[in-house]
Amino acid sequence: MKSIALGQYYPSDSIIHKLDGRTKILLATIFIVSIFFCKSLASFSFLLLVSVVIVLLSKVPLKIVLRSLRAVIFILIFTFVINIFLTKGESEPLLKFWRIELYAEGLWNALFIAIRILCLIIASSIFISFILVTYFFKH
């Protein structure tokens, strides 16, 4: 199991594995919707905490979770860079070079987008892979 694909089932005896498929769908939906309501640093911190708790409860080793994120690293870096340089701020730029301006708002926006994408991918892939196994192999 050297390379596990994103969302691939990882066998374990965890609380999340034992949940009913409908409960997993409901939890995944609630989590995904809540991701898009986060606007502040406190809500994003809570979102990260919930993502970590989901991974811990699933008993999927962190090494495997991180390895499965290799597929989306390019997307994360690309969206991070685009948001840093294309988000204009209302205050003075932090950095100005030629026509490139870097604002604090751009940094915050890029950070929040990256956290949002990471949490969305990690938590939803854990729930969705467990839902598919529950549905297809236990019925």
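## Helix packing and aromatic pairs

Phe-44, Trp-108 and Phe-112 form one aromatic cluster. Rings of Phe, Tyr and Trp (its six-membered ring) pair here if their centres lie within 6.5 Å, with planes under 30 degrees apart counted as stacked, over 60 as edge-to-face and the rest as tilted. This is a predicted model, in which local features need pLDDT of at least 70 and side-chain atom pairs count only at pLDDT 80 or more, while totals for chains, interfaces and linings use all residues. Residues are numbered from 1 along each chain as its sequence is written, and side-chain values use heavy atoms, leaving out hydrogens and water.

**Aromatic pairs**

- The count comes to three aromatic pairs.
- One of them, Phe-44 with Phe-112, is stacked, at 4.3 Å centre to centre and 5 degrees between the planes.
- Because Phe-44 lies in helix α3 and Phe-112 in helix α6, this pair ties together parts 68 residues apart in sequence; helices are DSSP runs of H or I with at least four residues, numbered from the N terminus.
- Phe-44 and Phe-112 are both buried (under 20% relative accessible area; exposed is over 50% and partly exposed in between, with a 1.4 Å probe and protein chains only).
- Phe-74 and Phe-78 are also stacked, with centres 6.0 Å apart and planes at 20 degrees.
- These two sit four residues apart in helix α5 (residues 73-86), about one helical turn; Phe-74 is exposed at 62%, and Phe-78 is partly exposed at 48%.

**The nonpolar core**

- The largest nonpolar core has 25 residues, and Phe-31, Phe-44, Leu-47, Ile-54, Cys-119 and Ile-122 have the most contacts inside it (such a core is a set of buried Ala, Val, Leu, Ile, Met, Phe, Trp, Tyr and Cys residues joined through side-chain atoms within 4.5 Å).
- Two or more residues come from each of α2, α3, α4 (62-68) and α6, and α6 gives the most, with 10 residues.
- Beyond its neighbours within four places in sequence, Ile-122 is in contact (heavy atoms within 4.5 Å) with Val-55, Val-65 and Leu-69.

- Ser-51, in helix α3 (residues 41-58), is buried at 5% relative accessible area.
- Leaving aside neighbours within four places in sequence, Ser-51 is in contact with Phe-31 and Cys-119.
- Arg-116, in helix α6 (residues 104-137), is buried at 15%.
- Not counting residues up to four places away, Arg-116 touches Ile-35, Phe-36, Cys-38 and Phe-44.
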